Each structure stands twice: as structure tokens, then as C-alpha cells.
Amino acid sequence: MDNHWKRFINGESVESEVTPSIYRSWQRSLEYRVDHTLISNQDILSLPRLSERREAKEALIRAGETVLPYIFDLLGSTNYTILLGDNDGYIIEAIGDAPFMTKAQRVNLSPGASWSEEIRGTNAIGTALRDNAPTSVSGWEHFVRDNHFLACWAAPIQNAQGKPIGVLDISGEANHDQEKILNIAMMGASMIKKNLQLFELENQLKFYQEGAKLASSLLHQGFLAIDNNGIITNINSFGAALLGRRQADIIGRPAADIFSSPKGWMLSGHSLDLHLKDRTGKEISSHLKRVVNDAGEPLGAVGTLQSNHRAPANTLWVGRSRASQRILEQASRVAATHSSVLIHGESGTGKEIIAKSIHQLSPRREGPFVALNCASLSPTLIESELFGYVEGAFTGARRGGKPGKFELADKGTIFLDEIGDMPLNVQVALLRVLQEKEVSRIGDIKAKKINVRVITATHKNLNALVEKELFRLDLYYRLKVVTLELPPLRERSEDIRELVPHFILKACESFNGQPLGIDEDVYSYLLAHSWPGNVRELENCIESMVALADSSILTVENLPDELIQKDSKSECTTETLLYQQTKQTILYALTQTRGKIAPAAKILGIGRNTLYRKIKELDIQV
């Protein structure tokens with residue numbers, strides 16, 4: 001039948017004797033001035049350009065990864081090559097029988113070559129793309145004579161709008177005369193199209209999931225999502241902090257395992273309420289809403305988590321660790337008394353916060369809370385600040401005089417921070433005020449009765465100062481009727497997961513910005529740091545991260561250099577991380593077993609004696 005091709009080349013009319021799509025393609029080939037006697041070496045990509053095109057068509061190649069081998073196996077015969085082309089007609093992928101692929105390479109039927117009609121004339125790949133329809137081109141139907149040994153079947157791969165975005169081609173020897181092969185090519189193109197649609201759905205789902213993740217991280221309360229099987233699929237950092245666990249330890253677990261819910265709890269049940277009560281007495285409950293599809297079938301539930309537990313102190317102190325619970329309970333008990341309180345702790349541990357908490361929980365809560373840092377004033381000024389002065393008491397004294405902090409704190413609480421830095425002469429005056437319960441302004445002979453509770457704080461060892469005669473013994477005993485020891489942050493590292501969201505929100509409000517989320521990976525660095533500056537250092541760190549943030553999620557890249565740089569000369573960072581991780585793991589097991597040693601040891605895979613020893617070493621309170 002190649003006489004039809006020869007007669008067309010010679011200018012004779014063969015329109016009624018040739019398949020219409022082939023004839024139209026021959027006509028276009030003439031218009032493109034394709035040389036029917038010569039294999040074109042034009043438009044063949046170099047390896048770097050082919051790599052670039054393959055990278056640009058990565059989704060198409062990935063969609064065809066399983067389809068091309070499947071089609072080759074389905075043909076059940078050798079002497080075929082399966083080709084994947086892009087929307088421009090460039091071959092970007094090929095598999096098949098090695099001997100036949102060698103023959104095909106002689107006519108550039110191989111990756112990197114363009115088989116558009118403009119370059120190759122009539123051929124299955126180019127014509128299928130041009131007509132946007134399945135096409136078979138066999139033997140003499142090819143416009144270029146040297147391609148007459150080929151039989152090719154191609155089907156366009158279309159997008160959702162029906163536009164061709166690629167092509168699947170099956171090529172073999174021209175003696176193949178199998179109509180079913182075109183159907184196989186069409187099936188393969190359809191499979192690749194479905195794979196691409198699946199990828200798009202996956203991308204959309206990923207996009208929506210990331211959006212939901214961001215939205216949940218920005219909520220100022222706990223967020224929880226549960227699928228139709230009762231599995232927790234998402235919880236934000238606030239929700240995880242409420243539960244006292246890591247997000248990674250919650251997501252993927254059955255809701256009934258995390259909450260104190262009936263064993264048979266299901267989303268289809270009458271009530272969606274979930275509850276939890278931990279060893280500290282904290283009660284957590286959920287408010288969930290069912291999510292259904294258009295047919296009314298349940299998909300899951302989403303909602304919020306909140307604590308129904310009121311801590312013994314107010315929200316000034318952030319943290320629910322055992323160490324925090326202990327200090328808050330002590331503060332709550334001492335608040336009901338009128339005793340003087342000495343708060344001891346490292347710098348930045350929150351001594352003023354505890355002092356304010358005691359004041360707000362005390363019967364004096366309606367009175368003033370007046371604070372003074374004794375280390376911030378010179379010895380000549382501290383006495384006038386504490387006790388005030390009358391007009392003319394000294395050069396530069398304000399007209400009309402000025403009341404001191406004790407007068408201002410009448411019927412309330414005075415907080416003297418860094419009491420260890422108070423000069424000895426002022427200590428004498430302070431002792432007299434505490435004994436007489438009256439104060440005299442500098443330069444005045446009259447005394448004024450006052451009703452003030454005194455709370456002091458220091459990071460120094462007052463006992464040592466007393467021995468060195470830098471602090472009066474009688475004043476020391478007056479101030480330390482009740483002593484509270486504040487734990488450093490490294491000893492209550494469990495609170496970091498609550499402190500961080502608190503400080504993020506505080507910093508965002510300070511900068512008048514939108515609330516930010518935080519990536520889970522950041523916590524591994526925060527938990528590994530020893531925090532010599534305690535909570536104040538952590539707050540400054542978070543404030544710095546928020547100030548320099550360039551996205552809605554704080555990541556490891558936002559951390560200060562000193563937290564991410566590894567000291568090759570010391571193993572303290574590794575040791576600190578190991579210490580924190582070990583402590584966190586044991587605390588998690590104890591939480592799961594409500595403080596019971598034997599079950600916790602079983603969870604950890606260690607003996608009870610080993611667990612007891614670790615609890616003692618890590619100073620874990622059971």
C-alpha cells in the first residue's frame with residue numbers, strides 16, 4: 001500500500017484512498033516542509049537540556065512510572081518500546097525490548113528527540129498531540145520514508161480541561177497489525193491521567209492540611225481533630241501542652257487511649273465529650289463537633305480542649321510540672337497567713353511573679369502591691385525610696401516631700417527584691433520598721449503606723465552573708481518566717497512546652513502582630529539548653545525569635561545562634577539533652593500510669609529498682 005504514499009509525494013490525489021487523519025497530516029507535513037527522504041537530526045535535546053525538561057515534567061514521569069512497565073508486560077511480546085512524551089512532543093521516558101530500541105534510536109525514536117509533526121512529519125506521537133485524539137500510524141503512513149519500518153499507536157494524556165499535557169506511545173515493527181494495541185495505548189494514557197489527578201488531590205490535601213495545621217497552631221486554645229475511626233489526626237501545641245504531652249505522642253493514637261473515656265467510645269455515640277484528669281488534679285475536657293460529608297456520612301470530629309482545673313495560684317505563673325505545682329501550692333497556703341516570706345531562687349526564676357501571686361491570693365489583694373529592687377539603687381537613695389522624706393530633708397528634696405514605698409504599700413504588700421544587696425545602715429532602719437510597724441520619713445520626727453506585709457527575695461546565700469557580717473542576723477530571722485525555694489527552669493523543663501506558647505502570644509501582642517505558631521523541631525533545642533538565665537532567658541529568646549520571624553511559623557532557623565551552635569570542645573549539650581530526654585520519658589510513663597511505679601517500669605522496659613534509682617538521680621517527685 002506504500003503506492004499511496006509514493007503517489008501523494010508525486011503530487012497525485014489519494015485523498016479518498018487514505019485515512020482522513022493521515023491525509024490531513026501528510027498535507028501539514030508538506031506545509032511544514034518536512035523532508036520525506038531524510039531522517040531529521042533537528043531538535044534533539046542535549047543531556048543537560050533533557051534533564052531540565054524531565055525535571056519540569058517530573059509529575060508526568062512519576063505518573064507513568066508504574067504504567068509504562070505494566071503496558072510492556074501486558075503486550076506479552078518483545079519488539080516493542082513504550083514511550084512517554086510531553087505536550088511538545090519530546091520523548092522524556094522510554095522502556096522496551098533492547099534490540100528494537102536500538103533500531104528505534106537510528107531514527108531518533110528515543111528520549112530527547114522531538115517527534116512533533118513540524119519536525120518528523122506524520123507520526124503517532126506528533127499527530128496524536130496535533131489532533132488531540134488516539135492515533136495509529138503504520139508503515140508507509142509515516143511521512144518520512146525511513147520511518148516506514150515502524151508501526152506506532154499513541155494516545156494523548158489530557159488534563160481536566162481536555163487539553164493534551166503529554167502522550168503515551170507504543171511502537172513496534174511495521175508487520176504488527178493489531179488494532180487492540182491502540183486500545184492499550186488509550187488505557188495507558190487514561191491510567192497516567194488518573195495518576196496525575198490523584199497527585200493533584202494529594203497536593204490539594206497537603207495544602208489544606210498545612211493550612212489547617214497553621215490555623216490550629218495560631219489558636220489561643222487547644223485544638224483537636226479525630227477521624228471516623230476515633231484516631232487523633234491533629235492537635236496543636238496548646239492542646240498538647242494542656243495534656244502535658246508532645247504532639248508526636250498524641251497524633252495517631254486512639255482518643256479513648258488518651259482520654260479517660262469509656263472503652264467503647266465512638267464518634268457515632270450520643271455524646272462526643274472527652275475527659276481527662278491527671279495526677280495533679282487537672283481536668284481536661286473537649287468540645288467537639290461532628291464533621292459529615294454531603295451524604296451525611298461521618299468523617300470525624302474537630303473542636304477545642306480546655307482545662308476545668310483551677311490552679312492554686314493564678315495565671316501569673318505558667319507551668320504544670322510537679323515542681324511548679326509544689327511551689328504554687330506552697331504560695332497558696334502561705335498567702336492565707338500574715339507571715340513574712342523570703343523567696344530564694346536563681347535570677348530569672350520568677351520570684352516577683354510568686355510574690356504577686358501570694359499578694360493576689362491573700363486577704364490583702366484589694367490593697368497595693370509595691371515592688372522595689374534593692375540592687376538597682378545606690379546606698380544613698382535606697383533609704384529615701386523605702387521610707388520617704390519631708391521637704392528640705394536634703395539638698396534636692398522635692399517640695400512637699402515624698403512618701404516612701406512602705407507608705408505606698410499600706411494595707412497591701414511590699415516586695416523587696418535582691419534583699420541581699422541592701423546596705424547595713426538601711427537594714428537597721430528596715431528592722432525597726434518591721435518591729436515597730438511604723439515608718440518615719442527622712443527629716444521627720446513623726447512616725448506613721450503602717451499595715452504592710454513584707455515579701456523579700458534574693459538569689460544570694462543569706463546565711464553566708466550573715467557569717468561574713470554583711471547581713472544582720474536579727475533581720476534575717478525577721479524576713480525568713482516562711483522560705484520558698486524556686487526551682488530553676490532546668491529542673492522544671494516540662495513547663496517549657498507551656499511557657500513557649502505563652503511567650504509567643506505575649507510577644508506578638510507586644511509587637512501588635514498576628515499570633516505565630518512554632519515548629520515541633522524547635523522544642524528539641526529548647527529542651528536541650530540549660531537556661532542559666534532561667535525563665536527570663538527563655539522569654540528573651542522567644543521575643544527575639546518573634547521579632548525576627550519572617551513567616552507565620554517559628555522554626556529552628558529563627559533560634560539564636562547560641563542555641564543551635566554545637567560546642568565541639570564540650571559534651572555538656574549532649575549530656576543536657578540526654579538528661580532532659582530521660583527525664584521527659586520517665587515523667588511521660590509516670591503520667592500514663594498515674595504515678596504507679598511497676599506499670600511505668602513495664603512501659604519503659606526497665607526494672608522497678610532501676611526506675612527508683614533514676615527517679616532519685618533526676619530528682620523526680622512521685
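**Sheet, surface patch and ring cluster**

L416 has T456 in β18 as its bridge partner. The model is predicted; local features need pLDDT of at least 70, side-chain atom pairs count only at pLDDT 80 or more, and totals for chains, interfaces and linings use all residues. Residues are numbered from 1 along each chain as its sequence is written, and side-chain values use heavy atoms, with hydrogens and water left out.

Strand β15 covers residues 413-417 and strand β18 covers residues 453-458. The two run parallel and are joined by four bridges. Strands count as paired if DSSP finds at least two bridges between them. Strands are DSSP runs of E with at least two residues, helices are runs of H or I with at least four, and both are numbered from the N terminus. Strands of a sheet pair through backbone hydrogen bonds, either parallel or antiparallel.

The open sheet has five strands, in the order β12-β15-β18-β11-β19, with parallel pairing. β12 (369-373) and β19 (482-485) stand at the edges. Each has a single partner strand, so one side of each lacks a neighbour in the sheet. From one strand to the next, the twist averages 20 degrees. Such angles run from 0 to 180 degrees between N-to-C directions, with axes fitted as lines to C-alpha atoms, for helices over the stretch in contact.

Aromatic rings were examined next. Rings of Phe, Tyr and Trp (its six-membered ring) pair if their centres lie within 6.5 Å; planes under 30 degrees apart count as stacked, over 60 as edge-to-face and the rest as tilted. The count by this rule is six aromatic pairs. The rings of F8 and Y23 have centres 5.7 Å apart and planes at 80 degrees, so this pair is edge-to-face. F8 lies in helix α1 (residues 2-9) and Y23 in helix α2 (residues 20-31), so the pair ties together parts 15 residues apart in sequence. The rings of F8 and W26 have centres 5.1 Å apart and planes at 40 degrees, so this pair is tilted. W26 is in helix α2, 18 residues from F8 in helix α1. Ring pairs link F8, Y23, W26 and W140 into a cluster.

Accessibility was then assigned. Buried means under 20% relative accessible area, exposed over 50%, and partly exposed in between (1.4 Å probe, protein chains only). F8 is buried at 5% relative accessibility. Y23 is buried at 12%, and W26 is buried at 0%. M187, in helix α9 (residues 180-218), is partly exposed at 32%.
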